[in-house]
Amino acid sequence: MSLSNSLGLLGRKVGMMRLFTDDGDAVPVTVVDVSNNRVTQVKTQANDGYDALQVTFGKRRASRVTKPMAGHLAKAGVEAGEIIKEFRVAADVAAQYQPGTAVAANAVFAAGQKVDVQGTSIGKGYAGTIKRHNFGSQRASHGNSISHKAPGSIGMAQDPGRVFPGKKMSGHLGDVTKTVQNLDLFRVDEERQLLMIRGAVPGAKGGFVTIRPAVKAQPSKGAD
């Protein structure tokens, strides 16, 4: 089975901290809460044309749930969540779950494996080319007048007489879906249902993330 068709988990980014290896090395980790992941629907080849598990995470007030979604969740006997997502899986994996089944962190992930984490990056509003595209500024003196952070020329003369699409210019920065691949899963806290992932993951504290087994998995440089 392809790793792209593997079961993952939904979670909330708690924040960052550091843990220590047996050798005393400090490791920066991002803590992700993946508690109470529950299956809302099991899709099969016979009924839906493909095999998948639909999973929800978090809690949502009943007044904030649409009637079609409320009916869908009531059929599965599942409490409404804040985020819902579908994972393509193999038929034998889908057969192991029923609607309403809780998915534990240790049932999907183990310490030392590689994971891909997807989230919404922090929005930074309207930004200039230096911050947005890592441009260098112009000269600070010698005839430069109010153009220190200007992007410079953006087009040609009469031919072609326009700015090509995709030109790196000022604009909205952040608040987009980002995926960071091949991160090390440093530790799995089974009791509190927390994942400690080495390094940073997209998004602000409290943001939702999706964790999957790494598609381009590479062997770790060394077990911690």
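**Group meeting talk: a barrel, a sheet and one aspartate**

Strands here are DSSP E runs of at least two residues, helices are H or I runs of at least four, and both are numbered from the N terminus. Two strands count as paired if DSSP finds at least two bridges between them.

Before I go on, a word on the source. This is a predicted model, where local features need pLDDT of at least 70, side-chain atom pairs count only at pLDDT 80 or more, and totals for chains, interfaces and linings use all residues. Residues are numbered from 1 along each chain as its sequence is written, and side-chain values use heavy atoms, with hydrogens and water left out.

Back to the hairpin. R187 sits opposite M196 in strand 11. Four residues lie between the two strands, and Q193 has a positive phi near 55 degrees.

Now, which residue at this spot is buried? It's D189, with a relative accessible area of 14%; buried means under 20%, exposed over 50%, and partly exposed in between, using a 1.4 Å probe and protein chains only. D189 belongs to strand 10 (residues 177–189). Its side chain makes a polar contact of 2.8 Å with the side chain of R192, and a polar atom of the D189 side chain lies 3.2 Å from the backbone nitrogen of E191. By polar contact I mean a pair of N or O atoms within 3.5 Å; within protein, one must be able to donate a hydrogen and the other to accept it, and residues adjacent in sequence count only if both atoms are side-chain atoms.

Six strands close it in the order 1-2-11-10-7-12, with antiparallel pairing. From one strand to the next, the twist averages 50 degrees. Strand 7 pairs with strand 10 over six antiparallel bridges, and T120 has T177 as its bridge partner in strand 10. Strand 7 (residues 114–120) is also joined to strand 12 (residues 208–213) by five bridges, again antiparallel, with V115 partnered by P213.

There is an open sheet too: four strands in the order 5-4-3-6, paired antiparallel. Strand 5 (83–88) and strand 6 (102–103) are the edges, each with a single partner strand, so one side of each has no neighbour in the sheet. Strand 3 (residues 37–43) and strand 4 (residues 52–57) share five antiparallel bridges, and V42 is opposite L53. Helix 2 (residues 67–76) lies across strands 3, 4 and 5, at about 95 degrees to strand 3; the angle, on a scale from 0 to 180 degrees, is between N-to-C directions of axes fitted to C-alpha atoms, for helices over the stretch in contact.

What about the inside? The largest nonpolar core has 29 residues, and those touching the most other members are L7, F109, V115, V117, L195, I197 and I211. Such a core is a set of buried Ala, Val, Leu, Ile, Met, Phe, Trp, Tyr and Cys residues joined through side-chain atoms within 4.5 Å. Beyond its neighbours within four places in sequence, L7 contacts residues including L53, V55, F87 and P213, where contact means heavy atoms within 4.5 Å.

Finally, the whole chain: it has five helices and 12 strands, and 35% of its 224 residues count as buried. Thanks, everyone!
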